[in-house]
Amino acid sequence: MVDFHNHILPGIDDGSQSIAQSLMMLDLYQDLEIKAVIASPHIYKELYPNTPESISKSFETLNPKAIQKNVQIKGYAAEYLVDDFFLEHLQNNTSLLCCFDQHVLIEIPFFGTLKLLEQAVFTMQNRGYTAVLAHPERYANLKNESLNNLRIRGVKLQLNALSLMGHYGPEVKKKASEWLTRGLYDFVGTDAHNEQQLLKLKSLRLNKKQNTAWIKVCEQQAKQVNI
């Protein structure tokens, strides 16, 4: 698989804080048999006010070192927080950083309402973008009915692998396991912020139903994220 949700670029958000740490993460990606990485740092005005320029600068700093690794960083996108600042970008026709094709990775506040999300999705679709909602299992207000409505609207859903391990708590694990076996996810990612999280993923174990669903998601993902 290609991991398009991670925070491997150094020094620009709450992920890797140095080139050395990023390189260690790449070694662990190899242990997990992940083929390649597309970096996706936060764009969150209040905490991580990144721009395409700041993300590109971090990528260009890391890439000459990373290119020597077996797992390559094939490019960069961003994980956009859906807030008023993001909606302003959409209304101003500002170009968005895509993970692949016209797919854009987005997130919402963990205890936020879905109103801004629905508004953002509508505007993104009118501009030809496909919304990929990161780790929907982690949002407290996102239940089964709301999830189905988003899927009907064309939103793609990305599972955090760590959710299946209880990394974010038992309720998140429960939702992730249920939604995976029901076939609701389109993609899976690590959302890795550091090497400890990647090390933890080496212990991921799935039951038979989860494994069948996991394989299906990964096969679909390989066809779409073709690097």
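**Exercise 1.** Find how much space lies in the second largest pocket, and which residues lie nearest its centre.

*Solution.* Begin with the volume: about 190 Å³ of space lies in the second largest pocket. A pocket here is an open set of points on a 1 Å grid over the protein atoms alone, where a 1.4 Å probe fits, with protein on both sides within 12 Å along at least five of seven lines. Its volume is the space filled by probe spheres set on the points, which are joined across faces, edges and corners. Next, take the lining, meaning residues with an atom within 4 Å of a point. There are 16 lining residues, and Asp14, His42, Glu107, Phe110 and His193 lie nearest the centre. Finally, sort the lining by class: seven residues are nonpolar, four polar and five charged. (Ala, Val, Leu, Ile, Met, Phe, Trp, Tyr, Cys and Pro count as nonpolar, Asp, Glu, Lys and Arg as charged, and the others, Gly among them, as polar.)

Some notes before you continue: this is a predicted model, where local features need pLDDT of at least 70 and side-chain atom pairs count only at pLDDT 80 or more, while totals for chains, interfaces and linings use all residues. Residues are numbered from 1 along each chain as its sequence is written, and side-chain values use heavy atoms, with hydrogens and water left out.

**Exercise 2.** Describe the largest pocket by its volume and lining.

*Solution.* First, the volume of the largest pocket is about 290 Å³. Then look at the lining, which includes Met1, Leu32, Glu33, Ile34, Arg205 and Trp214. By class, eight lining residues are nonpolar, one is polar and three are charged.

**Exercise 3.** Work out how helix α6 is placed against helix α8.

*Solution.* Start with the axes: those of α6 (residues 170–181) and α8 (residues 208–224) come within 8 Å and cross at roughly 70 degrees. Helices are DSSP runs (H or I, at least four residues), numbered from the N terminus. Axes are lines fitted to C-alpha atoms over the stretch in contact, and angles run from 0 to 180 degrees between N-to-C directions. The two helices are therefore roughly perpendicular. (Angles of 65 to 115 degrees count as roughly perpendicular, under 35 as roughly parallel, over 145 as roughly antiparallel and the rest as oblique.) To finish, list the contact (heavy atoms within 4.5 Å): Ser177, Leu180 and Thr181 of α6 meet Lys209, Gln210, Ala213, Trp214 and Val217 of α8.

**Exercise 4.** Which orientation does α1 take to α2, and which does α3 take to α4?

*Solution.* Take α1 (residues 19–31) and α2 (residues 52–66): their angle is about 50 degrees, with axes 10 Å apart. These helices are therefore oblique to each other. Turn to α3 (residues 84–91) and α4 (residues 115–126), which pack at about 20 degrees. This pair is therefore roughly parallel.
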